[in-house]
Amino acid sequence: FNLAAGETVDNSFNDYCSSGAGAGAGAGAGAGAGAGAYGNNATVSGLVIFPLTNSSDDTIGIPTGPMKGAVWMHGSQSTTFKNIPSEFVWGDEAILSTALLAFPTIFAGTVTILPDFLGYGESHSFYKSYLIRRAYQTSTMPLWFKAKELVRTETNCTSELVDFVTVNGYSEGGYAALAVAASMANSGVQVIGAYAGAGPYRLSSSMLLEGASK
């Protein structure tokens with residue numbers, strides 16, 4: 001799904017569901033990035049996967065109650081539209097490995113988000129910000145808030161994406177995972193775990209140690 005530049009979402013579960021109103025003022029497309037950050041006005045995109053269950057009347061839908069979240073950051077990718085999460089199709093090897101790794105968290109009942117990254121998909125007009133920490137935060141945090149809103153609206157407030165998350169990534173995604181984990185924590189989301197593999201970490205800035213301590 002996409003979150004357009006300037007679009008706002010209400011990330012307060014109680015306020016939204018008690019009032020019965022639509023989405024109100026909240027985090028916009030630059031959520032977690034700062035008003036002056038590059039890409040804060042971008043339309044960001046990604047793939048969100050909701051767990052599904054059979055209800056008592058044999059209809060299939062999002063399970064009721066609280067659900068934790070998981071974020072999966074893909075590895076290095078040179079193409080702008082092909083082999084990115086929002087364009088995922090079976091057989092695309094570049095993104096298939098990330099999607100398959102995400103399935104255990106989906107089966108565990110989490111809401112799983114795979115961002116495209118800034119410069120890919122709907123934000124194609126922006127530079128691909130390789131190893132720019134804030135760019136990964138800019139392209140991911142709006143999707144988190146949008147997913148929270150979708151869970152509320154699609155379930156008529158009987159379900160909630162709660163502020164508990166695991167963040168995962170490999171290769172470039174390993175670096176991105178630590179960047180996003182820090183942004184999640186700064187936004188009040190409890191990071192249950194940050195799992196980063198084979199990332200081009202900036203050891204001179206002690207990013208690895210800082211990420212592991214959060």
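Phe126 is buried, at a relative accessible area of 18%, whereas Tyr38 is partly exposed, at 42%. Here buried means under 20% relative accessible area, exposed over 50%, and partly exposed in between, with a 1.4 Å probe and protein chains only. The model is predicted: local features need pLDDT of at least 70, side-chain atom pairs count only at pLDDT 80 or more, and totals for chains, interfaces and linings use all residues. Residues are numbered from 1 along each chain as its sequence is written, and side-chain values use heavy atoms, with hydrogens and water left out.

**Aromatic pairs**

The structure holds 5 aromatic pairs. Rings of Phe, Tyr and Trp (its six-membered ring) pair if their centres lie within 6.5 Å; planes under 30 degrees apart count as stacked, over 60 as edge-to-face and the rest as tilted. The ring centres of Tyr38 and Phe126 are 5.5 Å apart and their planes stand at 70°, so this pair is edge-to-face. Tyr38 belongs to the loop between helix H1 (13-19) and strand E2 (44-49), and Phe126 to the loop between strand E6 (111-115) and helix H3 (133-154); the pair therefore ties together parts that are 88 residues apart in sequence. Helices (H or I, at least four residues) and strands (E, at least two) are DSSP runs numbered from the N terminus. Ring pairs also link Phe117, Tyr120, Tyr136 and Tyr175 into a cluster.

A charge sits over a ring if NZ of Lys or CZ of Arg is within 6 Å of the ring centre and within 35 degrees of the ring normal.

| Lysine | Ring | Distance from ring centre |
|---|---|---|
| Lys68 | Phe164 | 5.9 Å |
| Lys128 | Tyr120 | 5.0 Å |

**The loop around Gly119**

Gly119 lies in the loop between E6 and H3 and counts as buried, at 0% relative accessibility. Leaving out residues up to four places away in sequence, Gly119 touches Thr80, His124, Phe126, Tyr127 and Lys128, contact meaning heavy atoms within 4.5 Å. Gly119 and Ser129 are 10 residues apart in sequence, and their C-alpha atoms are 7.1 Å apart in space.

**Strands and core**

The protein chain has 5 helices and 8 strands, which follow the pattern β-α-β-β-β-β-α-β-α-β-α-β-α along the sequence. Two strands pair if DSSP finds at least two bridges between them. Strand E5 (residues 65-73) runs parallel to strand E7 (residues 159-170), joined by 8 bridges; within this pairing, Trp72 has Asn168 as its bridge partner. E5 also pairs with E6 in the parallel sense, over 3 bridges, and Val71 stands opposite Ile113 in E6.

The largest nonpolar core has 34 residues, and those with the most contacts inside it are Trp144, Val165 and Met184. Such a core is a set of buried Ala, Val, Leu, Ile, Met, Phe, Trp, Tyr and Cys residues joined through side-chain atoms within 4.5 Å. Two or more residues of this core come from each of E2, E5, E6, H3, E7 and helix H4 (172-186); H3 gives the most, with 8 residues. Apart from neighbours within four places in sequence, Met184 is in contact with Val71, Met141, Trp144, Val165, Val189 and Val191.

**The chain as a whole**

Buried residues make up 48% of the 214 residues in the protein chain. Among contacts between residues at least 6 apart in sequence, 72% join residues at least 24 apart.
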